[in-house]
Amino acid sequence: MTMSAGWYLRRLSRMGPREVGGRAGDAVRRRRWRSAPPGCPAVTGARFTAVLPAGTLAAVPPDAAKRLVAEADRLMEGHAGFFGVERGDMADPDWSYDPRTGRRAPQVYAFDVPYRDEGTVGDIKQIWEPSRHQYLTVLAAAYAVSGDARYAQRVAAHLRSWWAANPPLRGVHWTSGIELGIRLLSWVWIRRLLDGWPGAAALFEDNPVALNQIWHHQRWLAAFPSRGSSANNHVVAETAGQFAAACAFGWFPSSARWRTEALRSLERELRSNTFLSGLNRELATEYHGLVLELGLAAVAEADAAGVRVPATVRLVLLRMTDALAAVVDGRLRPPRQGDADDGHGLVVDGAGTDRWASLLTTGEAVFGRLAWWPEVTGTDVRTPLLAALVRPYPGKGAPAVARPADRPAHFADAGMTILRGPGGIWVRCDGGPHGFLSIAAHAHADALSVEVRHDGVDVLADPGTYCYHGQPEWRRYFRSTLGHNTLEVDGGDQSVSGGPFLWTRHARSRVLVADTSGASAGGTARWCAEHDGYQPSVHRRRVELAGAERELTVVDEVRGPRREVRLAFHLGPAVTAELEGNRALLTWSRDGEDRSAELDLPGRLEWRAHRGESEPPLGWYSAGFGRREPATTLVGTGVTDGTREFTTVLRFHG
């Protein structure tokens with residue numbers, strides 16, 4: 001995918017004067033560095049002191065260590081999976097190769113690489129992901145818990161290979177700040193986890209090549225921060241990586257300044273990226289997880305280095321942790337809202353470790369759990385490692401702010417409302433802003449959408465994300481209005497897209513009613529919201545969850561002139577539908593038990609079931625980035641006159 005002149009004009013229109021000036025300065029610096037790149041100063045006497053406290057590794061649960069070692073053994077055999085592509089060449093990887101398209105990114109001056117052009121470079125996510133070196137943190141952690149030097153030797157060989165193949169400012173791995181920031185964080189943890197290995201110092205602080213790479217990564221991040229309309233999760237990753245490296249690898253004349261500037265930026269951007277309720281402003285749940293992981297890792301480095309962190313940093317992370325505990329369903333699955341690209345801040349666990357349970361376990365260790373938090377089962381490696389470095393709050397989680405006494409269900413600033421009913425019924429209602437900042441890069445056109453689960457099973461599902469670059473028709477579908485459980489008017493999206501990470505007009509939503517009490521105890525919970533994305537019409541939706549009847553009612557109303565409408569309900573991949581007229585019988589199984597529900601659809605619309613269609617895409621579910629599978633989508637088509645309502649009723653059986 002290449003960007004047209006029109007895209008650049010649309011993108012420019014979403015910037016303010018300060019951002020335009022900053023980007024102009026970046027362009028000048030890129031040209032200057034082409035002929036006169038900065039040079040790493042000489043370093044002598046470097047020592048790594050940010051080690052794990054004695055006894056930390058003994059606190060790693062045996063089953064978590066077993067999963068970790070099993071994953072490391074798979075990596076040692078050269079096997080790894082990235083975004084739905086299984087690779088067998090990871091014993092000796094080609095760092096510029098995309099296995100999905102078979103292309104190699106050119107090894108030219110970094111800022112000449114057209115990384116958005118899949119025809120030239122390949123799938124950039126497939127190339128970038130292994131070079132975050134999070135599979136190497138897994139190998140390093142396996143060495144730490146087992147003492148098997150084979151893991152450490154493989155890590156060393158791959159780092160030396162990467163450093164040789166990717167000299168500063170050459171190639172695709174020097175084009176994106178988030179990649180450099182996460183890679184730095186990985187290197188810090190690799191060095192920490194390899195501390196007992198005799199070759200650790202020779203690999204890092206006594207290695208001029210490593211010192212050159214570490215310095216250039218930090219110099220790059222200091223020179224080219226994400227700015228203005230791009231200051232989303234990327235800038236948090238950049239500053240967290242920069243700060244971690246400046247704390248743990250504080251060997252350079254600029255280290256103190258980088259550390260100070262990165263901490264100042266981290267504090268500002270964590271606040272900017274997070275609602276006061278604790279939810280992430282991008283309204284993309286996986287980025288909530290990424291930012292929380294990065295923030296916790298940065299605090300761990302600060303405490304390990306004895307660097308004072310502003311209280312607001314810990315406060316934001318505390319609120320984010322409580323918000324996560326509040327929104328997960330009974331199986332600890334959070335909402336599937338907005339973009340998701342499987343991005344992680346720190347990976348030291350094997351396959352089968354639940355990311356969200358791990359974050360809540362870490363939150364409990366650092367902040368202390370509240371009485372209403374869900375019970376967390378399972379174990380992980382990351383929690384005891386981070387908890388050993390992070391200084392607990394006095395009273396384990398009692399800062400000056402009051403934490404919620406009861407489980408929050410309505411997050412007014414984020415426009416998210418969670419309705420809960422008996423038997424594990426979980427409903428997310430979306431009446432919030434259309435994403436974050438002027439471009440809302442990771443938003444979907446999903447205003448007033450609902451997401452419904454029964455005991456953790458997706459019944460009415462958010463289909464997910466699937467891809468970013470290179471497949472524009474799939475990118476458009478997965479973030480479209482038709483691609484969500486809401487109402488489309490006149491064949492268009494509620495918000496106007498200007499590119500794969502750019503929205504030029506944002507639908508404005510407002511929640512009118514959010515009464516979340518009662519459904520779990522057999523009463524009725526109610527929610528109502530509207531948006532203005534289809535002016536001059538207004539789409540209003542009312543949702544009621546009757547606990548005693550185990551019944552969910554959704555009423556859609558379009559106020560305004562006659563319009564053509566399509567109402568979509570996306571079923572989860574485990575759900576089978578038998579559609580007859582305007583009634584669908586839904587069946588699925590959970591833990592060997594058959595479950596069912598009945599979906600009564602508006603009779604004024606003509607209903608069809610779609611599954612796995614490609615021209616155009618319709619009827620798909622993406623469980624993770626780069627992966628998709630057929631799933632049933634029910635679409636009702638018709639027209640509206642005046643204030644016609646469309647009523648849908650979902651009844652759970654048993």
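Residues are numbered from 1 along each chain as its sequence is written, and side-chain values use heavy atoms, with hydrogens and water left out. Because the model is predicted, local features need pLDDT of at least 70 and side-chain atom pairs count only at pLDDT 80 or more, whereas totals for chains, interfaces and linings use all residues.

The largest nonpolar core contains 132 residues. A nonpolar core is here a set of buried Ala, Val, Leu, Ile, Met, Phe, Trp, Tyr and Cys residues joined through side-chain atoms within 4.5 Å; buried denotes under 20% relative accessible area, exposed over 50%, and partly exposed the range in between (1.4 Å probe, protein chains only). Within this core, Trp187, Leu194 and Phe249 touch the most other members. The greatest contribution comes from helix 13 (residues 285-305), which supplies 11 residues; helices (H or I, at least four residues) and strands (E, at least two) are DSSP runs numbered from the N terminus. Apart from this core lies another, of 39 residues, including Val459, Tyr534, Leu552 and Leu571. In soluble globular proteins, nonpolar side chains tend to be buried together.

With contact defined as heavy atoms within 4.5 Å, and residues up to four places away in sequence not counted, Trp187 touches His133, Leu159, Trp162, Trp163, Phe204, Gln213, Ile214, His217 and Phe249.

Arg219 belongs to helix 10 (residues 208-223) and is partly exposed, with a relative accessible area of 25%. Under the same exclusion of residues up to four places away in sequence, Arg219 touches Trp33, Pro38 and Trp258. The C-alpha atoms of Arg219 and Gly39 are 9.5 Å apart, although 180 residues separate the two in sequence.

Strands are taken to pair if DSSP finds at least two bridges between them. Strand 19 pairs with strand 24 (residues 632-640) in the antiparallel sense over 6 bridges, and Arg611 has Thr632 of strand 24 as its bridge partner. Elsewhere, strand 9 (residues 496-499) and strand 10 (residues 502-505) form an antiparallel pair over 3 bridges. A hairpin through 2 residues joins these strands, and Gly499 stands opposite Leu502 in strand 10.

Most residues other than glycine have a negative phi, and most peptide bonds are trans. Against this background, a cis peptide bond joins Gln535 and Pro536, with omega about 10 degrees; Pro536 lies in the loop between strand 12 (524-531) and strand 13 (538-546). The bond from Glu615 to Pro616 is also cis, with omega near -5 degrees, and Pro616 is placed in the loop between strand 20 (613-614) and strand 21 (617-618). Positive phi values occur at Leu283, near 50 degrees, and at Asp342, about 60 degrees. Leu283, in the loop between helix 12 (255-272) and helix 13, counts as buried at 8% relative accessibility. Asp342 is located in the loop between helix 14 (311-327) and helix 15 (355-367).
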